[in-house]
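Student: I have a model open here and would like to talk through some of its packing. Could you take me through it?

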Amino acid sequence: MSSNAGNIASPSGDASERDVANAHTPFPKGRVAAWIATLLIAAYCGWSVAHNENFGWHVVAQYFFDPVVISGLYVSLGLTVVAMALGIAFGLLLAIARMSKDRLASSLASLFIWFFRGTPLLVQLIFWYNLSTLFPTLSIGIPFGPTFVSWDTNSVISPMTAAIAGLALNEAAYMAEIIRGGLLSVDRGQFETAEAFGMTRIRALRRIIIPQAMRSIVPPTGNQLISMIKATSLVSVIAMADLLYSVQSIYNRTFEVVPMLLVAVIWYLLITSVLNIGQSYIERYYSRADRRTGGTKVATESAPALVPAQEAGQ
């Protein structure tokens, strides 16, 4: 019986080959081959682009810092900042209205979001720019009553105001849903705790709910900001002198279409790269509690609700 056990425990072959201490990770031949092939293809594509005279890299270098291009870049950045600020502020109001128990406020917010999310941004910009064809004058007064003051629509709706209105209202519809999703991600008990300590709904939102919802709001808001800087190129169709319009004004004169478009592409890539870096830092800031261990994380997440509650009790 012992001899049979010995035979089972000692199979044929060298024992050193079966020793796990001598085991090693096999050489990743397939992965190395994939890397080499990818680098070769990338090097060939880079060499082809760099040595292709049709790209006109000397023209790109000549006009990259041209005053007309830089002026258009400032317009694009300004439109982005203003439209995003208005979109976030109005989107927050829309999100709160849609979550409201007031049926009228919720219905109006839903109707706004449905319309501006359901129609293309380019169509909205064109409608704003041609608003005078629908309403030759804009007035303030009592409905079906006297008019207090009126303006000529063409004097009010310039390319700048049409661009800001179109971009901001469209962005507000998307930001409303982003903010609403972030608010819904916060546990309902936070509201109930705030109400138990006598806090108003607005104060609870400002001091407790919104700070905790920022972890869910920041990432998609960063994506919207990056989309906005690219969406500003659409205002060129309403004669707004943004980056793309400025580039077009140059190649309409010089007929260097591809090099001038490359100027715009490089500027857009530089701006979006900087925004991506900023977004990663902001996300890291709001997710710092997730990188901590159990007890510390619980204490950190509980703090935003406890401190305002104590203040409200005072």
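Tutor: Let us start with a pair of helices: α12 passes α13 in a right-handed crossing (right-handed if the near helix is turned clockwise from the far one by less than a right angle, left-handed if anticlockwise). This is a predicted model, in which local features need pLDDT of at least 70 and side-chain atom pairs count only at pLDDT 80 or more, while totals for chains, interfaces and linings use all residues. Residues are numbered from 1 along each chain as its sequence is written, and side-chain values use heavy atoms, with hydrogens and water left out.

Student: Which residues in α12 and α13 meet?

Tutor: From α12, L243, L244, V247, I250 and Y251 meet V257, M260, L261, A264, W267 and Y268 of α13, where contact means heavy atoms within 4.5 Å.

Student: Switching topic, how many aromatic pairs are there in the whole structure?

Tutor: A search finds seven aromatic pairs, and rings of Phe, Tyr and Trp (its six-membered ring) pair if their centres lie within 6.5 Å, with planes under 30 degrees apart counted as stacked, over 60 as edge-to-face and the rest as tilted. One of them is F90 with F112, whose ring centres are 5.2 Å apart and whose planes lie at 70°, so the pair is edge-to-face.

Student: And where do F90 and F112 lie?

Tutor: F90 is in helix α4 (residues 67-99) and F112 in helix α5 (residues 103-118), 22 residues apart, so the pair links distant parts of the chain.

Student: Which residues do ring pairs link into a cluster?

Tutor: The cluster consists of F90, F112, F115 and F116.

Definitions and conventions
Helix = DSSP H or I, 4+ residues; strand = E, 2+ residues; numbered from the N terminus.
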